[in-house]
Amino acid sequence: MDPTSYVPPVTHPETAWLADLVPLAATIAAILAFTLIFRSRLGMALDAYLARRFSHAGSEQIDPALRWHPPIVTAPRMLALCLVAMLAILVILSLIGPLLAAIVLAGPLTALLVWLLLWIEERRYVAGLDAALPAAVGRLEAQLRSGSGVQPAIEKVIADAPDGPLRAEWAWFLGRLGQPLDGGSLATATTVCAALLAQTPAPRHATLLGHLEIAIEQPHATLVQRVRAAFEAMQAADRRASTLKTELAQMRNTGIALFLINVGITLYLFVVQHERFLIAYSNGLGVIVGAVLALVICAPLLGGYLLGRVDDIEY
């Protein structure tokens, strides 16, 4: 027997997992050390990435003093999300396959997961802003009707508003009033309103800002009328959305019921005719038919979900 080909037996198999744990732990320690050492540079890079990620078309034409990106997620939180996502994916992949393959795949999968998390955070930000907008516009209309100007009215509204996306955006609006611009002029309410219009991620808020941009320079009575019209239209839109959600809830429930029925029938066939089921869907054509069947089964669920969503921004 060739002594070089001899592999000593594992005398304690219950502790053999410790041998695989050492390279994984070393990799995790290297990632943590790299993150700790370059934390400030990574934070600046992520801050620049977030500014590009949440910027809109045409924002380059905005004066540098008025450029802004919504505070959907901060750079430290983004760094924490990336780190946790990478470590979780690395551990899961190392349990499935070799550590080298896990290290190679961890990067793309982490990027995909972080992109998905950012999209979810952006949707949550927009939903929170849209939910707070009607009540804030109603209070703004009341302040304007009592004789306050735009700036004092907004200050009074956000003073009583809870922390959230709308308060952050209106506070940015107030903070940029009077800022010196590149041309030597000062930022007026119309200019700041136009800049916020181009950079807010919420279409409903952008529609309101478009009306305010026109109405700010008009007489005060016209401004009050426009804000009142926007408030009444928002209330009407919310009533329409509530009615549509109630009516479409039945369609969504029907889609869920059809999905469960189809899943039940498929599971019944799998249990009763197990061998035939595997033979039918294991060959080349069976895989294609199975994919089409899975799509047909999920179609009522997806259709019910999409029909249950209502978005009304026109007012």
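1. The crossing of α4 and α5 is right-handed, a crossing being right-handed if the near helix is turned clockwise from the far one by less than a right angle and left-handed if anticlockwise. In this predicted model, helix α4 covers residues 99-145 and helix α5 residues 150-160, and the two pack at an angle of about 135° with their axes 9 Å apart. The axes are lines fitted to C-alpha atoms, for helices over the stretch in contact, and the angles run from 0 to 180 degrees between N-to-C directions. α4 and α5 are therefore oblique to each other, given that angles under 35 degrees count as roughly parallel, over 145 as roughly antiparallel, 65 to 115 as roughly perpendicular and the rest as oblique.

2. On the α4 side of this pair, A136, R139, L140, Q143 and L144 meet V150, A153, I154, K156 and V157 of α5, where contact means heavy atoms within 4.5 Å. Sorted by class, the contact of α4 with α5 has seven nonpolar, one polar and two charged residues; Ala, Val, Leu, Ile, Met, Phe, Trp, Tyr, Cys and Pro count as nonpolar, Asp, Glu, Lys and Arg as charged, and the others, Gly among them, as polar.

3. As to the conventions behind these values, the model is a prediction in which local features need pLDDT of at least 70 and side-chain atom pairs count only at pLDDT 80 or more, whereas totals for chains, interfaces and linings use all residues. Residues are numbered from 1 along each chain as its sequence is written, and side-chain values use heavy atoms, with hydrogens and water left out.

4. For the protein as a whole, there are eleven helices and zero strands, helices (H or I, at least four residues) and strands (E, at least two) being DSSP runs numbered from the N terminus. The order along the sequence is accordingly written α-α-α-α-α-α-α-α-α-α-α. Of the contacts with a separation of 6 or more, 66% join residues 24 or more positions apart.

5. The accessible surface of the protein comes to about 19100 Å², and carbon and sulfur atoms hold 67% of it; the areas come from the Shrake-Rupley method with a 1.4 Å probe, and for residues only the protein chains shown count as cover. Of the 315 residues, 31% are buried, where buried means under 20% relative accessible area, exposed over 50%, and partly exposed in between (1.4 Å probe, protein chains only).

6. Helix α7 (residues 189-199) and helix α8 (residues 203-215) have axes that come within 9 Å and cross at roughly 160°, which makes α7 roughly antiparallel to α8. In this pair, α7 passes α8 in a left-handed crossing. The contact is made by T190, C193, A194, L196 and L197 of α7, together with H205, A206, L209, G210, L212 and E213 of α8, and by class it has seven nonpolar, three polar and one charged residues.

7. Helix α8 also holds R204, which counts as buried because its relative accessibility is 6%. The C-alpha atom of R204 lies 6.7 Å from that of D130, although the two residues are 74 residues apart along the chain.

8. For helix α2 (residues 39-53) and helix α3 (residues 75-96), the axes come within 9 Å and cross at roughly 105°, so that α2 is roughly perpendicular to α3. R39, L42, G43, L46, D47, Y49 and L50 of α2 meet A75, M78 and L79 of α3, and the classes in this contact are seven nonpolar, one polar and two charged residues.

9. A230, in helix α9 (residues 220-272), is buried with a relative accessible area of 5%, and its C-alpha is 8.3 Å from that of H211, 19 residues apart in sequence. A299, in helix α11 (residues 284-307), counts as partly exposed at 39% relative accessibility, and its C-alpha is 8.1 Å from that of G255, 44 residues apart in sequence.
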